[in-house]
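Opening the notebook on this one.

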Amino acid sequence: MKLAEALQERADLNRRIADLRSRLSANATVQEGERPAEDPAQLLAELDRCVNTLEERIAGINLANCRTMVEGKTLTELLARRDCLTARIGAYRELLGNASQTAYRARGTEIKVYSAVDVPALQKQVDAMSHQLRLLDNTIQQTNWTTEL
């Protein structure tokens with residue numbers, strides 16, 4: 001099984017577990033003399049099977065990420081880099097959004113507000129980081145489809 005397939009299966013299992021939890025909640029109680037729409041015992045058994053399979057997939061994915069080397073770094077390191085780049089880009093974009101609002105209206109009068117940062121320079125940094133993120137994500141995706149679990 002390829003790493004990318006295991007990642008897809010992990011996502012499917014997480015969705016399935018969420019669905020089973022919801023169904024368990026919906027069938028946890030019934031009115032006197034009634035029966036639940038689904039047997040909670042069967043739902044619990046299916047939940048246990050899914051969680052056990054999920055545990056195996058997560059362990060396999062984590063091991064593969066630790067042992068797979070790409071350009072001198074483990075896949076785990078590349079994933080950490082991607083997560084941090086994503087967080088940094090998000091913060092910069094939020095700052096740029098706030099810094100670009102330079103006019104406010106308050107009680108019919110306009111208050112002039114000036115940006116405290118160099119918006120064009122920051123935008124160039126965001127564009128460069130976004131480019132790095134795209135390249136990094138492409139490398140990760142390619143590696144996921146060529147790495148055996």
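**Helix 3 to start**

I began with helix 3 (residues 75–99): it has 25 residues and reaches 36 Å from first C-alpha to last, close to the 36 Å expected at 1.5 Å a residue. The expected span here is 1.5 Å times one less than the number of residues. Helices (H or I, at least four residues) and strands (E, at least two) are DSSP runs, numbered from the N terminus.

Before going on, a note on ground rules: this is a predicted model, so I take local features only at pLDDT of at least 70 and side-chain atom pairs only at pLDDT 80 or more, while totals for chains, interfaces and linings use all residues. Residues are numbered from 1 along each chain as its sequence is written, and side-chain values use heavy atoms, with hydrogens and water left out.

Which residues of helix 3 are buried? I noted Leu75, Leu78, Leu85, Ile89, Leu96 and Ala99. Buried means under 20% relative accessible area, exposed over 50%, and partly exposed in between (1.4 Å probe, protein chains only). Their cover includes helix 1, helix 2, strand 1 (69–70), strand 2 (73–74) and helix 4 (119–146).

**Helix 3 against helix 4**

Two packed helices are described by the angle between their axes and the distance between the axes. I looked up both for helix 3 and helix 4: about 155° and 9 Å. Axes are lines fitted to C-alpha atoms, for helices over the stretch in contact, and angles run from 0 to 180 degrees between N-to-C directions. The two helices are therefore roughly antiparallel to each other; the cut-offs are under 35 degrees for roughly parallel, over 145 for roughly antiparallel, 65 to 115 for roughly perpendicular, and oblique for the rest.

Helix 3 passes helix 4 in a left-handed crossing, meaning that the near helix is turned anticlockwise from the far one by less than a right angle (clockwise would be right-handed). By class, I get 16 nonpolar, 9 polar and 5 charged residues in the contact of helix 3 with helix 4. Ala, Val, Leu, Ile, Met, Phe, Trp, Tyr, Cys and Pro count as nonpolar, Asp, Glu, Lys and Arg as charged, and the others, Gly among them, as polar.

**Helix 4 and two of its residues**

Helix 4 has 28 residues that should span 40 Å at 1.5 Å a residue, and its end C-alpha atoms are 40 Å apart, which agrees. Its buried residues include Leu122, Met129, Ser130, Thr143 and Asn144. Helix 1, strand 1 and helix 3 are among what covers the buried set of helix 4.

I checked Asn144 on its own: it is buried, at 5% relative accessibility. Beyond its neighbours within four places in sequence, Asn144 is in contact (heavy atoms within 4.5 Å) with Lys2, Leu3, Ala4, Leu7 and Leu75.

Ala121 is also in helix 4, but it is partly exposed, at 33% relative accessible area.

**Helix 1 against helix 2**

The axes of helix 1 (residues 3–26) and helix 2 (residues 40–67) come within 9 Å and cross at roughly 155°. This pair is therefore roughly antiparallel too, and helix 1 passes helix 2 in a left-handed crossing. Their contact divides into 17 nonpolar, 3 polar and 6 charged residues.

**The loop**

Most residues other than glycine have a negative phi. Glu71 has a positive one, near 50°. Glu71 sits in the loop between strand 1 and strand 2 and is exposed, with a relative accessible area of 76%.
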